[in-house]
Amino acid sequence: MAHALALAARGLGNVWPNPAVGCVIVQGSRIVGRGWTQPGGRPHAEVRALAAAGPFAAGATAYVTLEPCAHHGQTGPCAEALITARVARVVTATTDPDPRVAGRGHALLRAAGIAVTEGILQRAAERLNEGFLSRIRTGIPHVALKLAMSLDGRIANAAGVSKWVTGPAARARVQSLRATHDAVMVGIGTVLADDPDLTVRDFAVPRQPVRLVLDTHLRLNPASRLATTARTNPVWLLRAEGTAVPAPLAATGVTLIPCPTDTTGRIDMHAALRALGALGLTRILCEGGTSVAASLLEGSLAPEIIVFTAGRTFGAGGTAATGPITAAAALGLPDYGLERSDRVGADLFHVWRRSTAS
């Protein structure tokens, strides 16, 4: 199962709206087939593994990181494919909460006389597919908030200069993070200040992440890097409902997603994430700016915080990593627990997870 999970991880960022699944088929002590969900979500992992195993699948054991699907979509159910291949046993890590499956895959296998074992390395499997599981269970994708800051918690100095806070090794790590997420999200302030492209650079990926911009009043410049490349790599603008769409911006090919606003006039973050979940996104990497970060934290909408800390200080006059959070909301914010910490070049990389006890 550990090998199947490693295979499944290859699909992260590439398979939405489907889950990233891995499958290993074992005959005796020999692996005869393996597969993982392909870019775009198909073929599924079981189909790939069964094709590799061929006749050796008969009587074999299939290790699958998620319950095999039981519904007819663009392809037939993977549970039926396993039955047709005459595998003897199926071992799964976790049940698929999708209402179209939700135990039906396991039931189909058992009804066909196949032995089924559930819950092997379940926690690891749920962590790997936390974005998919979150979208199915709550309608909201998993959001990882990425912060790059100084030792004193600043993302820019008093003059507003922020390029670059961290070193080249940390920036390379950010590229790998983008590659494993369905989308990269920023606020319009970051776009106007930096004119980023938000793509994965320096290595090939099967599928570039969707580029999301929280742009309440549609201030994105049609001549910006994002707008001029929108037809090549998708750009989705989350805008306030009723905002007039400038013709030059509409002509760029950006996708416009209307969202309700909150009491401050900004886009309601919870509603925005629900809209993105409805469009199939499962994993979002948020790269700023400060107002967006504060909105995510204030709404308890970022279960994961990824921090790069550089060995420099900017002082109290520098820009804080997050914007203001109301006192009332701050009192109820959840705690985070340190999951991992590594040195990346000259900088510190640490990942924090929202505490389940909070």
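A: First, accessibility: buried means under 20% relative accessible area, exposed over 50%, and partly exposed in between (1.4 Å probe, protein chains only). Note that this is a predicted model: local features need pLDDT of at least 70, side-chain atom pairs count only at pLDDT 80 or more, and totals for chains, interfaces and linings use all residues. Residues are numbered from 1 along each chain as its sequence is written, and side-chain values use heavy atoms, with hydrogens and water left out.

Q: OK. How many salt bridges does the structure hold?
A: There are 12. A salt bridge here is a side-chain nitrogen of Lys or Arg within 4 Å of a carboxyl oxygen of Asp or Glu.

Q: Which residue does R225 pair with?
A: D195, with the closest N and O atoms 4.0 Å apart. The pair links distant parts of the chain, 30 residues apart. R225 sits in helix 9 (residues 225-228), D195 in the loop between helix 8 (188-194) and strand 9 (210-214). Helices (H or I, at least four residues) and strands (E, at least two) are DSSP runs, numbered from the N terminus.

Q: Is D195 buried or partly exposed?
A: Partly exposed, at 28% relative accessibility. R225 is partly exposed too, at 46%.

Q: And what about E287, which side chain does it meet?
A: R178, at 2.8 Å, N to O. E287 is in the loop between strand 12 and helix 12 (290-298), and R178 is in helix 7 (residues 168-179), 109 residues apart. E287 counts as buried at 15%, and R178 is buried at 7%.

Q: Where do R353 and E304 lie?
A: R353 lies in strand 16 and E304 in strand 13, so their pair ties together parts 49 residues apart in sequence. Their side chains meet at 3.5 Å, N to O. Both are buried. Shared partners join R127, E130, E304, E339 and R353 into one salt-bridge network.

Q: Switching to helix 6. Which residues are buried there?
A: In helix 6 (residues 130-138), E130, G131, F132, L133, S134 and R135 are buried. Their cover includes helix 5 (122-128), strand 6 (142-149) and strand 16 (347-354). Just after the helix, G139 takes a positive phi of about 85 degrees.

Q: Last one: which residues have the most contacts inside the largest nonpolar core?
A: L212 and L296, in a core of 32 residues. A nonpolar core is a set of buried Ala, Val, Leu, Ile, Met, Phe, Trp, Tyr and Cys residues joined through side-chain atoms within 4.5 Å. Apart from that core lies another, of 22 residues, among them A60, A79, V87 and I114.

Conventions
Contact means heavy atoms within 4.5 Å.
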